[in-house]
Amino acid sequence: MKRYDVVIVGAGPAGLCAALYAGRSMLKALVIERGAPGGELLNTELIEDYIGFESIKGFELADKMAAHALKFGATMVTDNVHAVERRDDGTFTVTTDGGETYEAPAVILTAGGTPSKLGVPGEVEYAGKGVSYCAVCDGHFFRGEVLAVVGGGDAACEEAEFLTRYASKVYLIHRRDQFRASPIIQKRVFENPKIAVIWNTVVDRIAADAAGTKVDHLVLRNVQTDATSQLPVGGVFVFIGFKPNTGIVKGHVRHDAGGYFITDDHMMTSIPGLFAAGDVRAQLTRQVTTAVGDATTAAIAVSKYVGDRTAKEPVGAA
């Protein structure tokens with residue numbers, strides 16, 4: 001059993017920032033990440049909304065964050081966490097697919113989430129080249145373009161409206177004949193002259209220009225008639241769902257309707273010692289800035305939590 005003061009699950013911006021602050025608090029911190037450090041930064045071409053960097057490539061910011069966390073003593077391992085469980089004595093065990101088990105009095109979950117994919121040809125190939133899952137992150141790259149948004153819930157309708165700040169026109173494509181979004185959000189969509197709704201339709205393929213450098217058009221299919229058509233667009237934003245990576249936690253944790261963990265103002269969940277930061281936490285928006293803000297609070301709170309717990313342990317306790 002390998003013991004740490006805190007185990008941080010995930011090495012996106014939240015996890016790396018938590019590691020930095022844990023190190024500065026003189027905590028023995030372990031960061032477990034299944035892939036390369038950086039999380040969704042590695043899927044983003046340019047970051048232009050992180051304070052202090054007018055423009056920086058996603059992988060460059062990820063490298064800087066990882067180096068900064070390591071400078072303050074964090075240990076980082078590449079593995080996939082499959083279970084986080086709190087024992088009766090209040091300590092946590094974190095087990096991985098690689099057969100390792102780690103123990104700590106506190107865990108910070110920063111495992112992020114996964115946007116639901118369309119699963120159609122061209123989606124993976126043109127990610128970052130016209131396919132996006134974040135209007136706030138990428139909308140400004142499409143000034144003057146005709147864009148498509150896929151989905152029918154609150155997120156899709158809100159993001160379609162947001163994109164009209166940049167796009168010349170936004171097509172909102174929905175597989176049904178009515179939205180699932182709340183009435184007030186629907187009203188704003190219907191009243192926006194730059195938004196056109198395409199009902200009862202799905203995207204069958206995302207196609208690029210002749211050079212294969214950027215999205216050029218979509219192949220659509222009407223689900224009632226099976227008729228296909230082409231829709232010329234410069235980009236497509238997919239908002240058909242987002243699943244937080246919270247299933248690895250064993251035991252019930254208070255969460256909202258979307259499965260996001262609800263925390264107090266110290267980022268602690270309903271399980272004592274389990275903290276959450278970034279995209280796994282219920283909040284208004286999910287940006288790099290909010291992720292690192294959550295993580296800063298969580299790591300400082302963990303330092304106090306671990307200190308208080310240690311002070312209460314009997315002399316000679318392991």
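Reader: In what order do the three strands of the open sheet stand?
Author: In this predicted model, the open sheet contains three strands with antiparallel pairing. Their order is S16-S17-S18.

Reader: Which strands stand at the edges, each with a single partner strand?
Author: A strand with a single partner has one side left without a neighbour in the sheet. That is the case for the strand of residues 201-208 and for the strand of residues 228-232. The edge strands are therefore S16 and S18.

Reader: By what angle are neighbouring strands of this sheet turned against each other on average?
Author: The direction of the strands is ignored for this value.

Reader: Which residue in S18 is the bridge partner of Leu-220?
Author: Strand S17 spans residues 215-222 and pairs with S18 in the antiparallel sense over five bridges. For Leu-220, the bridge partner in S18 is Ser-229.

Reader: Is Val-150 buried or exposed?
Author: Val-150 belongs to strand S13, residues 146-150. Leaving aside residues up to four places away in sequence, Val-150 touches several residues, including Leu-118, Ile-173, Val-203 and Phe-237. Its relative accessibility is 7%, and buried means under 20%. Val-150 therefore counts as buried.

Reader: With which side chain does the side chain of Thr-263 make a polar contact?
Author: Thr-263 lies in the loop between strands S20 (242-244) and S21 (274-276), and at 17% relative accessibility Thr-263 counts as buried. Among the residues Thr-263 touches, not counting those up to four places away in sequence, are Met-268 and Ala-276. The polar contact, at 3.2 Å, is with the side chain of Arg-281.

Note on methods
Residues numbered from 1 in each chain as written. Predicted model: local features only at pLDDT ≥ 70, side-chain atom pairs only at ≥ 80, totals over all residues. Heavy atoms only, no water. Pairing = 2+ DSSP bridges. Helix = DSSP H or I, 4+ residues; strand = E, 2+ residues; numbered from the N terminus. Axes fitted to C-alpha atoms, helices over the stretch in contact; angles between N-to-C directions. Buried < 20%, exposed > 50% of the residue type's maximum accessible area, 1.4 Å probe, protein only. Contact = heavy atoms within 4.5 Å. Polar contact = N/O pair within 3.5 Å; in protein donor to acceptor, adjacent residues only side chain to side chain.
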